[in-house]
Amino acid sequence: MRSVLESNGRPLELSELEFSLISKFILEKAGIDLNLKKMPLIKARLAGRIRMLGMKSYRQYLKHVKDDPTQKELVRMIDKLTTNKTSFFREVEHFDFIKKNILRQRDLKKEPLRVWSAGCSSGQEPYSLTILLKEEYRYLTKEDFQMLATDISAEMVNKARLGVYEEDTMEDLPAAYMLKYFTKVAAPESRTKYKVRDDLKQHVRIARLNLISEWPMKGPFDFILCRNVMIYFNRELRENLVHRYGKLLKPGGYLFIGLSESIGGLLGELEYVQPAIYCKPQ
Ligand SMILES: C[S@@+](CC[C@H](N)C(=O)[O-])C[C@H]1O[C@@H](n2cnc3c(N)ncnc32)[C@H](O)[C@@H]1O
């Protein structure tokens with residue numbers, strides 16, 4: 001790993017005490033549970049910002065974050081510490097389930113669909129779902145399908161809003177969808193990029209939202225995708241979130257989590273359907 005230096009060239013050390021102060025703060029502010037194993041990662045991810053601000057220690061940086069009344073530095077810090085890995089049609093089993101068990105069972109003109117992607121990262125998840133809807137319903141209107149996509153990271157929210165992706169990050173997207181739903185962005189000096197078309201974008205409202213804070217929306221949603229997000233949260237927080245998701249779902253609605261996650265024992269009113277899919281009984 002690249003050595004972590006202060007702006008004056010001296011090594012920037014992260015003590016266990018500083019790490020525990022930072023992890024306590026991040027747990028409180030974002031729900032993210034950083035264990036000791038994450039110490040090298042935290043050290044590396046915050047070092048650049050500390051150097052840029054000309055600071056001498058992690059403790060000084062933490063104080064700076066806490067003292068900032070605008071919370072802009074807190075947002076920056078969270079941006080640095082979150083993992084935003086995502087891709088188009090990630091965990092494709094969920095898209096198959098949605099197609100067969102939800103979309104093909106209903107007439108959207110009679111019963112519009114409302115969905116929430118909670119922890120949407122840079123937008124591939126909500127746009128993949130919108131493509132699925134467009135493929136299933138030829139005359140899909142904004143009234144038929146609306147989606148809310150939220151993330152705590154300001155940087156990811158901006159990326160999702162922009163909807164511009166580098167070609168080599170789009171390999172899971174069938175070529176036909178690329179032609180139909182994206183336009184090539186002229187960027188001769190850099191790698192080829194594609195921009196989501198407006199007719200896809202019009203279905204997706206993107207906002208910054210911290211899942212551990214109050215939620216302004218009332219729902220109800222037909223389904224909620226919270227995939228590969230709760231993995232960073234402790235049991236208490238996951239239980240609380242699952243309970244709150246249950247309240248926002250329509251009876252018969254579904255909660256999707258990541259395939260490698262588990263909410264066994266925390267289901268509350270939800271019922272297991274198949275791996276990583278849960279249903280609120282009718
Ligand atoms: C690994 S990405 C998952 C993206 C997408 N759902 C998927 O499965 O491909 C996890 C996302 O959760 C977001 N996240 C982490 N903590 C959060 C919180 N407290 N509130 C809202 N979003 C959060 C991160 O910023 C990140 O973009």
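How do the residues of the lining of the largest pocket divide into nonpolar, polar and charged? The points below take up this question after a word on the model.

1. Basis of the note. The model is a predicted one, in which local features need pLDDT of at least 70 and side-chain atom pairs count only at pLDDT 80 or more, while totals for chains, interfaces and linings use all residues. Residues are numbered from 1 along each chain as its sequence is written, and side-chain values use heavy atoms, with hydrogens and water left out.

2. The largest pocket. The space in the largest pocket comes to about 400 Å³. Its lining has 27 residues, and those closest to the centre are Thr83, Asp151, Asn228, Val229 and Tyr232. As for the opening question, the lining divides into 11 nonpolar, 11 polar and five charged residues. Here Ala, Val, Leu, Ile, Met, Phe, Trp, Tyr, Cys and Pro count as nonpolar, Asp, Glu, Lys and Arg as charged, and the others, Gly among them, as polar. A pocket is an open set of points on a 1 Å grid over the protein atoms alone, where a 1.4 Å probe fits, with protein on both sides within 12 Å along at least five of seven lines; lining residues have an atom within 4 Å of a point. Grid points are joined across faces, edges and corners, and the volume is the space filled by probe spheres set on the points.

3. The second largest pocket. This pocket holds about 230 Å³ of space, and its lining consists of three nonpolar, five polar and four charged residues. Helix 5 (92-102) and strand 8 (249-257) each supply at least two of the lining residues, and strand 8 gives the most, with five. Helices (H or I, at least four residues) and strands (E, at least two) are DSSP runs, numbered from the N terminus.

4. Strand 1 (residues 113-118) and strand 7 (residues 221-226) run parallel and are joined by three bridges, and Val115 has Phe223 as its bridge partner in strand 7.

5. Helix 6 and Lys134. Lys134 belongs to helix 6 (residues 124-136) and counts as buried, at 16% relative accessibility. Leaving aside residues up to four places away in sequence, Lys134 touches Leu140, Tyr181, Asp199, Leu200, Gln202 and His203, contact meaning heavy atoms within 4.5 Å.

6. Buried means under 20% relative accessible area, exposed over 50%, and partly exposed in between (1.4 Å probe, protein chains only). Among the residues that Leu249 touches are Pro220, Phe221, Phe223 and Leu270.

Terms used
Pairing = 2+ DSSP bridges.
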